[in-house]
Amino acid sequence: MQATRLTLICHARTVAQKLARFPTDEPVEMDWQSAKDSRSFLYKGIPRLMCGPEMRTRQTAQLFGDTAEIIDALRDCDFGRWNGARINDLQQSEPENLQAWLTDPKSAPHGGESVTQVVARVAAWLNTLQTTPGHVVAVTHPFVIRAALTHVLQSTAFNLIDIEPLSAIELRFNGCWRLRLPGTELEEAL
C-alpha cells in the first residue's frame, strides 16, 4: 500500500496578519505574479496541488504550480462579525467573548465557526485523503493547519501552535496519520 504524503503550506503573509487583524479575503502582500512557479522545484514529481478558495491561498498556490484544485474544506475559519477586526480592539470591546473563544474550543461568540467545527471539517477532509496515495501539496491557512495537527496528534493544544507564512508541515498516512519533520538537508526533505 502506497502512503499518502500531505504537505500543508501556509499562505504568504497578508496585511491583515501584519496588523493583527482577523482576515478578510485579502491578497498576499508579496508580488506573487513575478514569483509564479518559483517554488515548483521543491517537490519531486508532480504532486497534486490544492488550495483554499480565498485569494491569498490561490495566489500562494501559484508559487507551486498553476493547476491548483480549490478545496472548500481548506477554507479559513469563518470568524463571523470579527472578520477584519483588530485583536487589540476586541480585547477592549469584547474581552469576555475573546477570552471565551481562546479558552473554549466550542465557543463561537463571533457568530462564525468554532475551533471544534474547524477541526471536524479538516478531519473529514483528511479522511478523504486516506485512500489517495501519492503526494498532495495543500496551500491553506494557519487555522486549518492547526486543526490538522490537533486532529492528527489527538491534542487539545490548538491555540499553542503558531504557523508562520509560507511554512510547511508534512503529514503521512500509512494506516494512521503521522507528523513528519523533514531533516535539515534540502534533498532529504524532497
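Which residues does Leu-6 touch, not counting residues up to four places away in sequence? Keep that in mind as you go through these close-ups of a predicted model, where local features need pLDDT of at least 70, side-chain atom pairs count only at pLDDT 80 or more, and totals for chains, interfaces and linings use all residues. Residues are numbered from 1 along each chain as its sequence is written, and side-chain values use heavy atoms, with hydrogens and water left out.

**View 1. Leu-6 and its contacts.** Here's the answer: Leu-6 touches Trp-125, Leu-126, Leu-129, Val-136, Ala-138, Ile-169, Glu-170, Leu-171 and Trp-177, leaving aside residues up to four places away in sequence. Contact means heavy atoms within 4.5 Å.

**View 2. The largest nonpolar core.** This core has 38 residues, and Leu-6 is one of those with the most contacts inside it, along with Leu-8, Met-50, Trp-125, Leu-126, Leu-171 and Trp-177. Strand E1 (4–10), H4, helix H5 (115–129), strand E4 (134–140), H6 and strand E5 (168–173) each give it two or more residues. A nonpolar core is a set of buried Ala, Val, Leu, Ile, Met, Phe, Trp, Tyr and Cys residues joined through side-chain atoms within 4.5 Å, and buried means under 20% relative accessible area (1.4 Å probe, protein chains only). Helices (H or I, at least four residues) and strands (E, at least two) are DSSP runs, numbered from the N terminus.

**View 3. Strand E1 and its partners.** Seven of the seven residues of E1 are buried, so this strand is largely enclosed by the rest of the structure. Thr-4, Leu-6, Leu-8 and Cys-10 sit on one side, with Arg-5, Thr-7 and Ile-9 on the other. E1 pairs with E4 in the parallel sense over seven bridges, and Ile-9 stands opposite Val-139 in E4. With E5, E1 pairs in the antiparallel sense over six bridges, and Arg-5 stands opposite Arg-172 in E5. Two strands pair if DSSP finds at least two bridges between them.

**View 4. Thr-140 in strand E4.** Thr-140 is buried, with a relative accessible area of 0%. Not counting residues up to four places away in sequence, Thr-140 touches Leu-8, Ile-9, Cys-10, His-11, Thr-57, Leu-74 and Ile-145.

Definitions and conventions
Buried means under 20% relative accessible area, exposed over 50%, partly exposed in between (1.4 Å probe, protein chains only).
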